[in-house]
Structures are given as structure tokens and as C-alpha cells.
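Hello,

I am handing over the structure below, and my notes on it follow. Please read them with the structure open.

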Amino acid sequence: MTAQSDLHVVILAAGQGTRMKSSLPKVLHQAAGSSMIEHVLRASDSVTPATITVVIGHQADFVRLSLAGRADIQCVVQSPQLGTAHALQQAEPLLAGRPGTVVLLSGDVPLLTGATLRKLVQTHLDAGAAATVVTAVVERPYGYGRIIRSRGRIARIVEERDASPTQRLVREINSGIYAFDGALLFDALRGIAAGNAQGEYYLTDVVSVYRRRRLPVETLIVDDPGEVRGVNNRSELAEVGAIMRQKKNEELMAAGVTIVDPASTYIDSDVIVGPDTVIHPGVVIQGQSRIGSACEIQAYVRITDSELADKVTVLNFCVIVGARVAKGAAIGPFAHLRPATDVGEGARVGNFVELKKTSLGAGSKASHLSYLGDATIGTNVNVGAGTITCNYDGQNKHETVIEDNAFIGSDSQLIAPVRVGRGAYVGAGSSITRDVPPDALGIARGRQENVEGWVARKKKAPAKA
């Protein structure tokens, strides 16, 4: 989609968020797998702006680093932080002289949708307004600026701290989301004074400035007040996260996914799940995970940044992080797939098996109590219970290669670097330190000796004092 050359987005993200009680900047706290500001940025993308400017302040370098993956963002620093109008003024060097519309957003309003932003821009342009304010009617307006109207038109916005008892009864609140005529904006900001309880330059006062200048100001009342709610503390963050998860679960179920207990199922916003997949209670699916069709994810499984193909079964209490699982494979219970693991089609990873940076070929199985790290395992390989690839020598990691159709007996240690050839067998209880040729039997264990009558003699021996 082509960017609109006359549309510019500014996101305010300079505040510390003291009520979060956190060393992390408020806008970087996560809801449903993404930071709050990432949610806002995605909403802003829906109007295809020519520029996106983020006003940063508290821990500015940290916030800037978190946005480094987006080349289309420019940052400006607000220091000192003297209010919202002062914050917007910091964008003037980047936007002055550029005609068009400036859309102002807050970085702590993660439920905002692209549909509302598109409607805001259209309302603003259709009205030919100097400013358009997004408002909402709420049951409990405490903490929000109130919309004061005269003859049905917005006259001004009064902040909670400065509102009279009568004004505090008003239920229409300011969302902090605006569209401005860019040609008028920065001159109006210079007309704002800091005559309020906080001694700050409130952006809300721009409405009064425009009204004095007889410039048109419009409002857009959102249908869902929850969409414009800001997050100021951990409780509100949890509430917003719950709303996002519920919405995600509803979207997936509408698309043909069975979620047995949505209340106990946590699926991040970016996760994709195919139809006819069944997800049991207590499942957490995070990050950029992709789950295919007709899979079954049993209870208390965590999947993060992983890809599962169609018809994969994940049994109870598994952890899968940064891994790929091919069609028809079965994982668990109590299995752990660590990053850079690739499980082949129809393969089986069973009880208490851990794979790290390992490729397990199609039809292969490691069914019990094994650790396979830095290994390349071919097709139709049987890895017996208790097998360990000893991949670390104290300084470096080394690779184990097990070729197609090999058989690794139980309780074997494969001391890397080592290769087990195609069709070879490793005897149970072996510690393999040298390559096993194809179709050979590798055995590395002490010879068994049986001492006849030993138990009877031991029982007759006098006990030591």
C-alpha cells in the first residue's frame, strides 16, 4: 500500500510511567506478546503515513533501540518533559512546512484499531477541521480529561486535576488521540500557556486556542470505549492483555480452531493456527509461532516462535522454543525442543527427551529420557532410552551425526565429534568415542563377569566391628 504523502503520525512515548513501578519504560511493557508501542505502531500502519515520529524521553536510548527494527521511524527527544503540548512541539523540526494531516497517538493505548484511525482521518478531512478529537463516553471517567461542549460542539477539554465538581460529572472523555491540520498546528501550540495545576503545557488546550481563533474543531466518538483506554499500571496492563487474548481466541475459533477452555489459553496476537486444530487448557502459544491444520496441542504446553506443520500432536507438559516440527510428528509428553531444532515428518520425540540444535529425520524416534544436542540424525533412526550426545568439551560444542536407519541402543553416550554410519548399530550401554562405519556394530563397554556363589559367601562373612 502506497504511503499517503500528506499524512504524518506522531506517537508520544516519553513518559516514565511511574505507576507501573518498573525500570522498564511504560510503552515497552508487553500485552499479548508485543510491547504497547508496537501495537500502536501497527494501528498507525493502517493509514499508511508518509512519516512516523516517536517522541521519546525517559530511557530514550532504550526505547530507540527497541524500535531499531523499523527503518520508517524517526525519534525525537523531549527533555525536560513539560507536558503533552511540549512533547508534540519536539516534532516541529521534522514536520514544519509539510502540508497535510498530523495524527497524534499515545504509546500506551494498545487496543486502538486501524479502523478507528482510518475513520478519524476521514472524519477530519471531510469536516475540513483544524483539529479532530477522538472521544468516548464511559461509565467511570475518573482520571481522564473531560469534553466540555457548548450547544453540542466541543468548547474545550478540562483535565481531571483542573475540573470543577460539575465538570467531573461529565462522562465524555478525551482519548488523547487527535488529527490536526499540519499547517496550523505548531503555531497553535505556541499559544498554549502552562496555567494549570501541574504547571505543564497541555495539548488539550489547543482546542481552546482554535475556538478563540474561530477555527473548526470536530470530535469522533468511538463505539467501543475500551479501544482508547490507556495503560497506567500493572492491573490495567493485565486487563488489556486479557481483552487481547479473548479477541484472539474468538478470531481463531471463528476460523475453525477448537479451544477447549479459552479462559486458560494464552495465544499471542501474531500467532497463526490452522483450522481443525484442537488446543487444550493451559496452553501458551507465543511470539511468531505458526501452527498447522488438524494439530492437537494437549494441556499445559508452551510453544514460542516455532512452526508446527499439519497433523502434529503435542502431548502434555511440553516446551517448544524456536523449533520446527514437520507433518504428522508427535512430541511429548514432557519433551523439550530448544532453538534450532528440526523434527522431521512422522518423527517421534517422547517422554523427557530434550533436543537442542538438532535435526531429527523423518520417521526417526527418540522415545525416552534422552538428550540430543548439536546432532544431525537421519531418517528412520531409533534412539534408545537414556541416550546422550556429549557435545560439549568444556570449551567448544561438537557435532554428532547419525545416518539413516541406524540403531542406537539404550544408555549410550555418543562423545562428539562422532559419526554413526548408515544402518549401523550401537550396543546398549556403550560410550562411543570413534566413528562407527555403515552397517557395523559399535560396542564400547566393559566385559561382564559372573562370580558364582558370591552372594552366599558374602552372607556368611562375619560383620566388621
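**Strands and a cavity**

T258 has V278, in β15, as its bridge partner. This is a predicted model, and that pair is one place to start reading it. Strand β15 covers residues 278–279 and runs parallel to β12, with 2 bridges joining them.

Both strands belong to an open sheet of 11 strands with parallel pairing. Its order is β12-β15-β18-β21-β24-β27-β30-β33-β36-β39-β41. The edges are β12 (258–259) and β41 (441–442), each of which pairs on one side only.

Another parallel pairing involves strand β4 (residues 49–56) and strand β5 (residues 73–77), over 5 bridges. Within it, V55 lies opposite V76 of β5.

Searching the whole structure gives 1 cavity of 30 Å³ or more. The volume of the largest cavity is about 40 Å³. Which residues line the largest cavity? They are Q4, D6, L7, T101, V121 and L125. Two or more lining residues come from each of β1 (4–13) and α5 (114–127). Strand β1 supplies the largest share, with 3 residues. Sorted by class, the lining consists of 3 nonpolar, 2 polar and 1 charged residues.

Regards

Key:
Residues numbered from 1 in each chain as written. Predicted model: local features only at pLDDT ≥ 70, side-chain atom pairs only at ≥ 80, totals over all residues. Heavy atoms only, no water. 1 Å grid on protein atoms, 1.4 Å probe; cavity = no way out; pocket = protein on both sides within 12 Å on 5 of 7 lines; lining within 4 Å. Points joined across faces, edges and corners; volume = space filled by probe spheres on them. Helix = DSSP H or I, 4+ residues; strand = E, 2+ residues; numbered from the N terminus. Nonpolar A, V, L, I, M, F, W, Y, C, P; charged D, E, K, R; others polar. Pairing = 2+ DSSP bridges.
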